[in-house]
Amino acid sequence: MNPLCCIAPVSLEHAVEHQPPRILATPPPSPPPAAAPAAVAGVLHKWVNYGKGWRSRWFVLEDGVLSYYKLRGGGGGESASPAAARLIGEGGALRRAREEAAVAGKQWKPFGEVHLKVSSIRPSKSDDKRLYIFSGTKTLHLKCETEDDRNAWIEALLMAKDRFPRALTSNDFGSMSDILLSTEKLRVRLLQEGLNETVVKDCESIMMTELLKLHNQMKSQRQQYSILIDRLRQLETEKVELERTVVHETKERETHGYVNNRYSDFYSVLSGGSVSESDLDTASQVADVETDEDEVMYFDTRDFLSVESLRSASCRRRELMTNGYNGLEYIDPVANTVKLTQYPSVNRRDKLPEPKEKENPVGLWSIIKENIGKDLSGVCLPVYFNEPLSSLQKCFEDLEYSYLVDHALQWGKQDDSLMRTLHVAAFAVSGYASTEGRQCKPFNPLLGETYEADYPDRGLRFFSEKVSHHPMVVACHCEGRGWNFWGDSNLKGKFWGRSIQLDPIGVLTLQFDDGETFQWSKVTTSIYNIIIGKIYCDHYGTMRIKGSGNYSCKLKFKEQSIIDRNPHQVHGFVQDNRTGQKVAMLIGKWDEAMYYVLGDPSTKPKGYDPMSEAVLLWERDKSLNQTRYNLSPFAISLNELTPHLSKKLPPTDSRLRPDQRHLENGEYEMANAEKLRLEQLQRQARRLQEKGWQPRWFSKDEDDSYLYVGGYWEAREKGNWDGIPDIFGHRGASPGSS
């Protein structure tokens, strides 16, 4: 037997001095520690991202650490369901998760962990089923099935945060000087072996020296641990102080900048229309640390345009339309009366034909993975990714709310240039409303393809033509009653793996008969989640509307964040061209409504509520036809082809394009075949353009912009389409040939 196995307690400090050993009485046993609370487990819904939304996860709270597991996950790791765990919640989701945890056992790997000691737990103020955990580097957005479940989880999380990790005190270690050793048994055993006193003392000295080294190491580790505990306490104290400061500053801001829960501190917007990236990051971090979606964001129109505000605005608008607008006049809430021309009524279709075939979608990733970074217009996609409209028709769809321009015309006749500018700004924003919920792309027109829209019920005559193939440029011209609108657009698009970015190049011009002109360019559009998740689009950037008269306008389209619950925000101001003074403010959403507030808000007192004086300029018509294309009634009418109209159209009109017509009728196989045939014909377009091909109805000016040269409507009246090519190959002619 090893002699060192017989060691009994002896004082280390005295032993090294070879003092006679002393035996200490055994200290009384310390009371057993309080039993640790049982682990907590259950199913919570975790926000993943905008594409995936809320996903169910199995959460386990144990020893101050909150772990979560993917349902139907696998891999190595600790058990995901402790035997003594207290379960929160009930129902089928919890039962299935428990079964999965039991099957996985110790082979279920946690997908993420949060240490509660350095985290903040906050309930949502707007949703009694949601809570937030901020760890300093990320925020968990969680949702329970019921309010009781949320309360139970918050109680368990706060208890675990207070208990773990428990800071050890000096009592847990005891005094290092009271650690004693006895060499009596060792001495007796060595003497029995026949060793003399000198050898025995040498053995005792060696043993005590080694134990003293161990003692010093333990003492050093204890000091390091104490330092870490003190630092942790200091960090937690600083964190609590920081949270208190944030709460205090938020209350101060609410006191000075909120009226009826609406944020009115928009001076930063009016000073430049935007803020720095650091300001945005700071606002986001404050929101995560302190509360949740109720925290102040930079000029968040959610605070202005609450659901109640939009509903009341809609009611006010319907009341105005009922009492003040009968087709002849529109009573504006400011006080003036605008006279409008009465337009005739025209019956148009309100739904698409029923599909004749069952759709067979194909995977998008298999097509685009070879085209990442390439020009979008050069990528060939099956017809399943199209909607039964061309880009030429989409140009006319931007004029769905042309009544805003009619109103602007009448305001100008009353010498109210400011109201005219406000309505032009609302018109510029309204063109984006039709893009919400539209997941399919329009057909790329062929070189020389045209589209006409004669809408006497709106007082419009519109015409557009594809004037260039490389680069792809579409030009349009619209005649209203007392105004003209024209422009060209070179839309550059690229695939970026999971998204498509569309950058418009071109200027849109609106000119009234009195000579006043407004010009602007469109903002950037991106389409996200084209591979996985729910497809959605966003428009962002700065739009500057330059007026030739007294006023111009600057609008900021706010880019949507990943978990933004209030997207599509637009805000800006109208500025006096002579003095540079801001005379009105605009705020709203490009897919809902736009409001204006007259005056320079920077002169308003603290606590001013802009919505107390906000007036509705425009509201989107939200009546959608329940098709997979999410077309509005106006969009459904764009491709309508009646027997009377077909006799008047030139052979280049988009309504006569066979693949687009087959798609509208739900004849998908024929649509794909025709699309492939037309794309083969279109390959000749670049060669034709290089040989000097020129558009028929538009020509370039000195600024390289395309202007309408006239003559189309006169030729239509006469039915004279001589020299117009059959670009769709109906008569066997090649595109661009006479």
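Arg677 and Glu674 pair up through their side chains in a salt bridge, 2.6 Å from N to O (a Lys or Arg side-chain nitrogen within 4 Å of an Asp or Glu carboxyl oxygen). The two sit three residues apart in helix α18, so about one helical turn separates them. This is a predicted model, where local features need pLDDT of at least 70 and side-chain atom pairs count only at pLDDT 80 or more, while totals for chains, interfaces and linings use all residues. Numbering runs from 1 along each chain as its sequence is written, and side-chain values use heavy atoms, leaving out hydrogens and water.

**Helix α18**
- Its buried residues (under 20% relative accessible area; exposed is over 50%, partly exposed in between, 1.4 Å probe, protein chains only) are Tyr668, Ala671, Lys675, Leu678, Leu681 and Gln682.
- Down the axis of α18, those buried residues fall within an arc of 135 degrees (directions from the helix axis to the C-beta atoms), so they line one face.
- Arg677 is partly exposed, at 27% relative accessible area.

**Other salt bridges**
- The whole structure has 22 salt bridges.
- Arg657 bridges to Glu449, with the closest N and O atoms 3.3 Å apart; this pair links distant parts of the chain, 208 residues apart.
- Both Arg657 and Glu449 are buried.
- Arg348 and Asp457 form another salt bridge at 3.0 Å, N to O.
- Arg348 is partly exposed at 28% relative accessible area, and Asp457 is partly exposed at 21%.

Key: Helices (H or I, at least four residues) and strands (E, at least two) are DSSP runs, numbered from the N terminus.
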